[in-house]
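Hi,

Here is the structure I promised to pass on. Have a look at it first, and my notes on the pockets, cores and overall fold follow below.

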Amino acid sequence: MTHALQTQGLRRVFGDVVAVDGIDLAVPAGSFYGFLGPNGAGKSTTIKCLTGLLKPSDGSMTILGINPAEHPVEVKRRVGVVPEDLALFDRLTALETLTFVGTAYHIDRAELQRRSAELLDLMTLQDAADSLVADYSHGMRKKLALATALLPGPELLFLDEPFEGIDAVASRQIRNLLKSFVERGGTIFLTSHILELVERLCDHIGVIANGRMVAQGPLEELRHGVAVEGDAAGAGRTLEQIFLDLVGAEESELPSLDWLAR
Ligand SMILES: Nc1ncnc2c1ncn2[C@@H]1O[C@H](COP(=O)(O)OP(=O)(O)OP(=O)(O)O)[C@@H](O)[C@H]1O
Ligand SMILES: [Mg+2]
């Protein structure tokens, strides 16, 4: 099996905090990979290390068969990313943002216009195309960030919580778009806390907790791997149940909060 992305012992520390503690990712080419974990588990830090936004403290990686430490520009040319903080320029409009990114990727003018119009249409941002990003809502920024990641026609997409803050109509559009991207041979590495959505979209899952991988593999294998007795080999288990089992989250009793809503 060829991999779009592999890491060996990927590690990132911030002072005393070990955010990513030696993880081995294996993301098959053409897969829709959901990277899950509790808040603070190390997902965004991992994505930043994989996309060159942060330097790993240790470990190695191969992206699209290339070592990004040796060929960073070649990797960036073929990869799209929506990072957690979106990285947009407030003083540009949406159209200017797309033009800026398209020019950096050497997309010719006519093609850039065609792709920009299609993406603005897809994201229902046509009416805001000439407004400054500074005046955009949270969801509009996220949609523009996704449009800029798609514009150069990447082979591999890294999406850090792409559906967070997106309305139901746009979410359906984006889901369909991402599915068709994978059907055409692209690979997606996505983080999300919306497990029901991940379950519908993703075919491979990795779960991280406290910076360490606790499970990884095809979703169907994970269903069986955490099956409990009498559960028909795990066929009926939802991703939420699998996740809660893996990260060992016992449901705890609420504190009384008797000062609240008296
Ligand atoms: N720039 C930073 N400086 C110091 N600590 C950081 C920094 N970035 C992340 N961390 C720490 O690294 C750990 C992992 O954070 P990260 O943002 O990767 O988690 P996450 O899995 O993306 O969480 P969430 O689901 O809340 O987005 C946390 O303990 C966090 O406090
Ligand atoms: Mg995060």
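A quick definition before the results: on a 1 Å grid over the protein atoms alone, a cavity is a set of points where a 1.4 Å probe fits but cannot get out, while a pocket is an open set with protein on both sides within 12 Å along at least five of seven lines; lining residues have an atom within 4 Å of a point. Points are joined across faces, edges and corners, and a volume is the space filled by probe spheres set on them.

Some housekeeping: this is a predicted model, so to speak of local features pLDDT must be at least 70, side-chain atom pairs count only at pLDDT 80 or more, and totals for chains, interfaces and linings use all residues. Residues are numbered from 1 along each chain as its sequence is written, chains are lettered from A and ligands numbered from 1 in the order written, and side-chain values use heavy atoms, with hydrogens and water left out.

**Cavity**

The count comes to 1 cavity of 30 Å³ or more, and the largest cavity holds about 30 Å³. Its lining is Val-82, Lys-142, Lys-143, Leu-146, Pro-162, Ile-166 and Ile-174. H5 gives the largest share, 3 residues (helices are DSSP runs of H or I, at least four residues, and strands runs of E, at least two, numbered from the N terminus). By class, that lining has 5 nonpolar, no polar and 2 charged residues. Here Ala, Val, Leu, Ile, Met, Phe, Trp, Tyr, Cys and Pro are nonpolar, Asp, Glu, Lys and Arg charged, and the others, Gly among them, polar.

The largest pocket has about 1100 Å³ of space. It is lined by 39 residues, with Thr-51, Lys-76, Val-79, Val-81 and Tyr-105 closest to its centre. Elements that each supply at least two lining residues include helix H1 (43–50), strand E5 (58–63) and helix H5 (138–150), but H2 gives the most, with 6. The lining splits into 26 nonpolar, 9 polar and 4 charged residues.

The second largest pocket comes to about 470 Å³. Of its 14 lining residues, Glu-118, Leu-119, Leu-150, Leu-177 and Arg-184 lie nearest the centre. H4 gives the most here, 6 residues, and the classes are 7 nonpolar, 2 polar and 5 charged.

**Cores and burial**

Buried means under 20% relative accessible area, exposed over 50%, partly exposed in between (1.4 Å probe, protein chains only). By that rule, 46% of the 262 residues in the chain are buried. In H1, 8 of 8 residues are buried, among them Lys-43 and Lys-48. After H1 comes Gly-52, with a positive phi near 80°.

A nonpolar core joins buried Ala, Val, Leu, Ile, Met, Phe, Trp, Tyr and Cys residues through side-chain atoms within 4.5 Å. The largest has 49 residues, and Leu-178, Ile-188 and Ile-205 have the most contacts inside it. A second, separate core of 25 residues includes Ala-4, Ala-19, Met-61 and Ile-63.

**Overall fold**

The chain has 9 helices and 10 strands.

Cheers
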